[in-house]
Amino acid sequence: MRIEIDSESGFCFGVVRAINEAEEALQSGAIASLGDIVHNRVEVQRLEALGLRTISHEEIPSIAGKRMLIRAHGEPPHTYALAKEYGIEIIDATCPVVAALQRKVKEAYRKMSEVGGTVVILGKRGHAEVVGLTGQVDEKAIVVESEEDLEQIDFTHPVYFLSQTTQSVDKFHAFAEIMRSRLPQKEMLTADDTICRRVSSREAHLRKFALQHDVIIFVCGRKSSNGKVLYNICHRANERSYNIEEASELQAEWFKGAESVGICGATSTPKWLMESIASEILSIDN
């Protein structure tokens with residue numbers, strides 16, 4: 001059985017940068033990460049073994065005077081204010097793409113405030129990046145996940161539409177068309193496609209990759225929003241696609257009659273984990 005690990009899967013630039021920041025900081029002692037540094041339990045456990053401690057927002061006061069890492073997803077302004085209040089040194093690993101989007105959200109809100117319009121963000125409610133985005137404008141933005149959510153929008157005034165960086169490009173443009181059709185004038189919609197192209201370019205690639213193999217093993221953490229999107233793309237292209245978090249979840253029957261297996265993953269999936277899963281599949285085959 002031939003096994004291929006997708007060369008374009010694995011950590012995106014923002015996640016690589018955040019992990020590098022964490023590893024460098026850990027060389028001089030333990031640090032706290034505000035939330036999982038990456039939505040991959042296995043990688044988080046590796047970093048915890050090096051001295052990384054994951055904390056919640058409620059635990060910020062408990063690390064007064066210590067160091068705290070802001071992960072790639074970014075944070076709203078009040079997090080920085082709270083850290084300053086408690087004398088916490090911030091290691092800011094916000095992805096530059098996300099930081100640029102945060103600035104765009106603030107500018108979009110300023111523009112919409114002048115005309116009574118609405119800022120709308122395509123994203124997953126409660127996702128760390130989305131919390132950071134809406135926090136830039138004191139939660140005065142509408143987050144949409146489904147077509148039903150569009151009912152919250154006042155279509156009698158202009159709409160400025162943006163997206164969480166890891167959303168589907170097709171979904172963004174489909175929602176934009178629906179909004180244009182409901183506005184009195186199409187020009188009343190500003191659709192700013194803020195999806196990270198380093199992520200979105202993987203969609204077409206994964207469709208092709210999934211068709212090249214009998215079985216696809218897609219590796220990602222259960223919390224990965226990007227992982228859910230990319231896994232669904234694989235599954236639509238190849239019904240013999242399976243989503244796992246670690247090697248222990250592999251099942252021998254998945255590979256019956258398979259001559260080739262493709263292993264791929266989300267932007268939060270480490271390469272070393274995909275390699276270890278490849279080794280485990282080979283042991284099953286033998």
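**View 1. Helix 4 crosses helix 5 in this predicted model.** The crossing is right-handed. The axes of helix 4 (residues 96-115) and helix 5 (residues 128-135) come within 8 Å. They cross at roughly 35°. On the helix 4 side, V98, L101, Q102 and V105 make the contact. Helix 5 meets them with E129, G132 and L133. Sorted by class, this contact has four nonpolar, two polar and one charged residues.

**View 2. Four parallel strands make an open sheet in the order 3-2-4-5.** Strand 3 (52-55) and strand 5 (89-92) stand at the edges. Each has a single partner strand, so one side of each lacks a neighbour in the sheet. From one strand to the next, the twist averages 35°.

**View 3. Strand 4 pairs with strand 5.** Four bridges join strand 4 (residues 67-70) to strand 5, and the two run parallel. Look for M68, which stands opposite I90 in strand 5.

**View 4. Another open sheet has four parallel strands in the order 7-6-8-9.** Its edges are strand 7 (142-144) and strand 9 (189-191). Each edge strand has a single partner, so one of its sides is left without a neighbour in the sheet. Neighbouring strands are turned by 25° against each other on average, direction ignored.

**View 5. Strand 6 pairs with strand 8, and helices pack on their sheet.** Five bridges link strand 6 (residues 118-122) and strand 8 (residues 159-163) in the parallel sense. I121 stands opposite L162 in strand 8. Helix 4 packs on this sheet and touches strand 6 and strand 8. Helix 6 (residues 169-182) packs on the sheet too, touching strand 6, strand 7, strand 8 and strand 9. The direction of helix 6 makes about 170° with that of strand 8.

Note on methods
Residues numbered from 1 in each chain as written. Predicted model: local features only at pLDDT ≥ 70, side-chain atom pairs only at ≥ 80, totals over all residues. Heavy atoms only, no water. Axes fitted to C-alpha atoms, helices over the stretch in contact; angles between N-to-C directions. Left-handed = near helix turned anticlockwise from the far one by under 90°. Contact = heavy atoms within 4.5 Å. Nonpolar A, V, L, I, M, F, W, Y, C, P; charged D, E, K, R; others polar. Pairing = 2+ DSSP bridges.
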